[in-house]
Amino acid sequence: MSEHRRKQQQPQGGGRAAARKAAQQRPARGAGSGRDVPTGSPSGPYGQQPPHGSRSEARRAAGRAPAGRGAGRPKRFINYPRGEKVGWKRFVPSWKLVSGTTLGFFAMITLGAGIGIAMVDKPDANKTAKAQNNVFYWSDDTQMVATGGSMNRQIVPIGKIPRSMQNAVIAAENASFESDKGVDPMGIARAVWNMAKGGSTQGGSTITQQFVKNTYLDADQTLKRKVTELFISIKLGVSEEKNTILAGYLNTAYYGRDAYGIQAAARAYFGKDCDQLTPSESAFLAAVLKGPNLYNPDGGIGSAATPEANKDRAVKRWAWVLDREVEVGRMQKAERDQYTAFPTLIEAPEAAGMSGQIGYLVETAKLYMLKKNGIKVEDLAKGGYRIYTTFDKTKVDALVKAVEGTRDGMLDEKKRPDTDTFVQFGAASVDVKTGALVALYGGPGIDKKHFNNNANTSGVQVGSTWKPFVLAAAMEYGTQNSKGKGISADSKYMASDLTVINNRAGQPLRDGSGKPFRQKNESPTDYGYVTLNKAMEDSINVPFAQLVFDVGHDKVREVAKSTGILEESFDPNPNASFALGTSTPSAIRMANSYATFAASGTHHEQYSVRSVKKDGRDVPGFDPPKAQRAMDNSVADNITKVLRNVVENGTGTKAKKLGRPAAGKTGTTDKNMSAWFVGYTPELSTSVALFRSDPNAEKKELISMRGVAGIPSLHGGDIPAEIWTKYMKEALNGVPESKFPEPEEIGVIADASGAPSPSPSPSPSPSPSPSNSPSPTPSPSPSPSRTGGKPTCKPWAICEPDPSPSSSRSPSPSPSKSGGRPGGATNGGSGGFPIGGSTGG
């Protein structure tokens, strides 16, 4: 037999043959071989051991042989999904995996926190002691004023800070300060939760956390910043003396009045060094730390921060701080009982460069910034912003000249002290094509102790300047007499004095005594039936008092809102007086609203800031507001046609001196409490308001203007129209004259029943009942007092500035190409209008 066919005898049951046979056994189900192999049986008896020389090979073969599910796979560091399990059980982690993962997670967190705490630097109050300026620019990018920085921090040691101040702040803000570790876990949890919901990352903070926050000069509320603040606070809590932390906080906190730090605050509010503060004064400063914009008795920015509201909050907070000191054992009850009178504050120091109109312009721009972008007052106080406004210096100067020149020429406080004192002026001017607020007149000046911005104040009824909104609603939506079609200004309504006004059901309105309500004109003229165009020309009340019921109060509100009037300034009552101007928008809002008529129904929300930079970078959110369609262009152009007639032939003829196409409306309220003129050209829309109120009175109320400037009954066509014309002449000097669009025919003639000529519209509503009276010369009619109810902001409660336009986008009624829609109900306006604001600008 040949050599290669010769086979060496092997021991039975073991050796290489056994190894080969073991390797050839059929793999179990799920093995990685992927094929079946015939299974061999050992030659010898079970359990017989192979010779020593072949044992290692047998082990290797056995290791390669799969022994069940998952056999033959390499061993993983993390056994998940679990290979030895079947079905859903493969995805149930083992206790080893769970515990190992948990321990690993906490180990990583601890390690990361330790590294983070080790890497952050402790804050240095001295590095933040220099306040930066905010620089405001005119529309041509030249500098208007640099504000802030006048009250730089002056760092004082803890020994100079009286114990009363330390006790007040600890009691009010962080009673556990002396024992805590520098962080508030619950406050951090709230901050994280708010951030997860997309809200503010701010939460409750300890004094340590507040100190750390104060040392950040940027205002970004980001997760990175909050984590960094947390690490620094923990580091301070375990490595710094509490006195050092408390002194750092009091030296970096913002107290209002441009005062950063306790020493600057003591000088700003009390004219003394901080070591001379009394416990009562210390409690006040601790109260202001709650939020200077809302607790500084001078007032702040925004509609909620009036001087009256702030004073009330400050007094209550001051008393609470003192009581809290007793509660936490930092003041004796007997000592607390000594402090019953609110501490006396010195007058706020005059800000450099804020004389004349500059203070009002800066305030308006700040208000717009706060509402538009969410920048905080405290952030603005830190400075570093470059604010580019829309204010045109030439136009601002022209408006000041027109107001003050007319005032000085017509008013004489010495000659007529009973009538010519406390006369207030407010005015605003808006670019028709963009909505940019180019000029305003807010008063004599903050430097003259006139702190209220009359251009941005709600609380003064607008009188008959409201009537165009009633007519526009009738043109847009129609009346119950026009079968859903918009009506023409040639429609005739009863205009005679003391006419009974009917509701939509044709029933007479009732006055307080239950008798039929009769609408009064200023003149007792027996006009009979006149067109709405004529009624607007002579500012007759009766036709519009009836028209508002025929078209529906809610439709008038909708039109007014679409032009930028804020719902909060509406008279909420569905009465006849609503049509005659018992609502109280600001001068800025009225100028912007009439600009919608000038722009053929396109509305641009007013704005006062073009762009903002911080640290050389653009701050987002200051793009000009987008144009919105407020009403059909034919409606707006026909309103312009009617208002041009007011200037040419009616109560606004003083505006004819402008010498170029102009439209406008006069407004006078009951008892001559206010007088307005609002008008526009194709380029510029301007409003002028006149009223009387003592700016220093505790309770601000309107005073009648009868006899002002020697005029027995002052109207919007007098001083306001004079100011408007003088300003517009200078503001438009050198601007090429342009014409208004020619209006297209609109609507149907929907006369009230009883009119001398038949109306093409069937089924008219019952007509108002005229009352015959003597017929002297017609004169414009002031708006009467309400028959019931009060507006949201009652006159005169002088209300604060409008919210910023950024938060007050007006819903726009869809244009009606078919001539209008059915008139609406009479009770209530459409809800859901966003109020935010304004800002001014």
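Select Gln424 to begin: at 6% relative accessibility, Gln424 counts as buried (buried means under 20% relative accessible area, exposed over 50%, partly exposed in between, with a 1.4 Å probe and protein chains only). You are looking at a predicted model, in which local features need pLDDT of at least 70 and side-chain atom pairs count only at pLDDT 80 or more, while totals for chains, interfaces and linings use all residues. Residues are numbered from 1 along each chain as its sequence is written, and side-chain values use heavy atoms, with hydrogens and water left out.

**Around Gln424**

Gln424 sits in strand 4 (residues 423-431). Helices (H or I, at least four residues) and strands (E, at least two) are DSSP runs, numbered from the N terminus. Now show the surroundings: leaving aside neighbours within four places in sequence, Gln424 is in contact with His450, Asn454, Ala689, Leu690, Phe691, Ser693 and Pro695 (contact means heavy atoms within 4.5 Å). Pick Asn454 from that group, and you will find a polar contact of 3.2 Å between its side chain and that of Gln424. A polar contact is a pair of N or O atoms within 3.5 Å; within protein, one must be able to donate a hydrogen and the other to accept it, and residues adjacent in sequence count only if both atoms are side-chain atoms. Then pick Ala689: Gln424 and Ala689 are 265 residues apart in sequence, yet 8.2 Å apart in space, C-alpha to C-alpha.

**On to Glu683**

Next, select Glu683, in the loop between strand 15 (674-680) and strand 16 (684-692). Glu683 is buried, with a relative accessible area of 13%. Its side chain makes a polar contact of 2.8 Å with the side chain of Thr681. Beyond its neighbours within four places in sequence, Glu683 is in contact with residues including Val430, Asp431, Arg660, Leu732 and Pro736.

Now colour the 5 strands that form an open sheet in the order 2-1-3-11-12, with mixed pairing. At its edges are strand 2 (143-147) and strand 12 (617-618), each pairing on one side only. Two strands pair if DSSP finds at least two bridges between them. Zoom in on strand 3 (residues 385-389), which is joined to strand 11 (residues 609-614) by 5 bridges, running antiparallel. There, Arg386 has Lys613 of strand 11 as its bridge partner. Strand 1 (residues 134-137) pairs with strand 3 in the parallel sense over 3 bridges, and Tyr137 stands opposite Tyr388 in strand 3. Strand 3 is mostly covered, with 4 of its 5 residues buried.

**Helix 10**

Select residues 279-288 for helix 10: 10 of its 10 residues are buried, so this helix is largely enclosed by the rest of the structure. To see what covers its buried residues, show among others helix 4 (163-173), helix 9 (262-270) and helix 12 (307-327).

Jump to Ile78, in the loop between helix 2 (55-64) and helix 3 (95-119). Ile78 counts as partly exposed, at 47% relative accessibility.

**The whole chain**

Finally, zoom out: the protein chain has 23 helices and 16 strands. Of its 841 residues, 52% count as buried. The chain exposes about 37300 Å², and carbon and sulfur atoms supply 52% of that area (accessible areas come from the Shrake-Rupley method with a 1.4 Å probe; for residues, only the protein chains shown count as cover).
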